[in-house]
Amino acid sequence: QGDAVGTSKTTLIFGSSAGTQLQQALFSTNKNFGVIEAAKNGNVDKIATVDVQTSNFGLFSTVRIIVTGTESSSN
């Protein structure tokens with residue numbers, strides 16, 4: 001077991017990320033986007049922290065969720 005980091009990212013078209021709504025958009029490039037996908041991508045078994053990064057580029061926005069925690073002991 002050790003420290004693990006996982007991410008989940010999506011690009012929003014005609015939308016934004018704000019408040020408790022991580023995504024509100026006409027179109028999202030990742031339908032599985034979220035904390036669960038980030039944990040799976042990093043093999044995180046027990047989540048310790050969740051960070052959300054957003055970038056806005058006019059009609060486009062990117063949202064990235066970064067989770068840290070304990071790595072799963074099974075593969």
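Visitor: What makes the set of Ala4, Leu12, Phe33, Ala38, Ala39, Val44, Val63, Ile65 and Val67 a nonpolar core?
Guide: This is a predicted model, and in it those nine residues make up the largest nonpolar core. The label calls for buried residues of nonpolar types joined through side-chain atoms within 4.5 Å, so these nine count as one core.

Visitor: Which elements each supply at least two residues of this core?
Guide: β1 (3–18), α1 (35–41) and β4 do. The largest share, three residues, comes from β4.

Visitor: What is Ala38 in contact with, leaving aside its neighbours within four places in sequence?
Guide: Gly6, Thr7, Ser8, Ile65 and Val67. Contact here means heavy atoms within 4.5 Å.

Visitor: How do you know that β3 and β4 pair?
Guide: Pairing takes at least two bridges; β3 and β4 have 12, in the antiparallel sense, so they qualify. Thr54 stands opposite Val63 in β4. The two strands form a hairpin with two residues between them, and Gly58 in the turn has a positive phi of about 70°.

Visitor: Why is Leu59 called partly exposed?
Guide: Buried is under 20% relative accessible area and exposed is over 50%. Leu59 has 48%, so it counts as partly exposed. You'll find Leu59 in the loop between β3 (44–57) and β4 (60–71).

Visitor: What makes Phe14, Phe57, Leu59 and Phe60 a patch?
Guide: Patch residues need over 30% relative accessible area, and nonpolar side chains are joined within 5 Å. Together the four form a nonpolar patch on the surface with about 440 Å² of accessible area.

Terms used:
Residues are numbered from 1 along each chain as its sequence is written. This is a predicted model: local features need pLDDT of at least 70, side-chain atom pairs count only at pLDDT 80 or more; totals for chains, interfaces and linings use all residues. Side-chain values use heavy atoms; hydrogens and water are left out. Patches are made of residues with over 30% relative accessible area and no salt bridge: like charges are joined within 9 Å, nonpolar side chains (Val, Leu, Ile, Met, Phe, Trp, Tyr) within 5 Å. Accessible areas come from the Shrake-Rupley method with a 1.4 Å probe; for residues, only the protein chains shown count as cover. A salt bridge is a side-chain nitrogen of Lys or Arg within 4 Å of a carboxyl oxygen of Asp or Glu. Helices (H or I, at least four residues) and strands (E, at least two) are DSSP runs, numbered from the N terminus. Buried means under 20% relative accessible area, exposed over 50%, partly exposed in between (1.4 Å probe, protein chains only).
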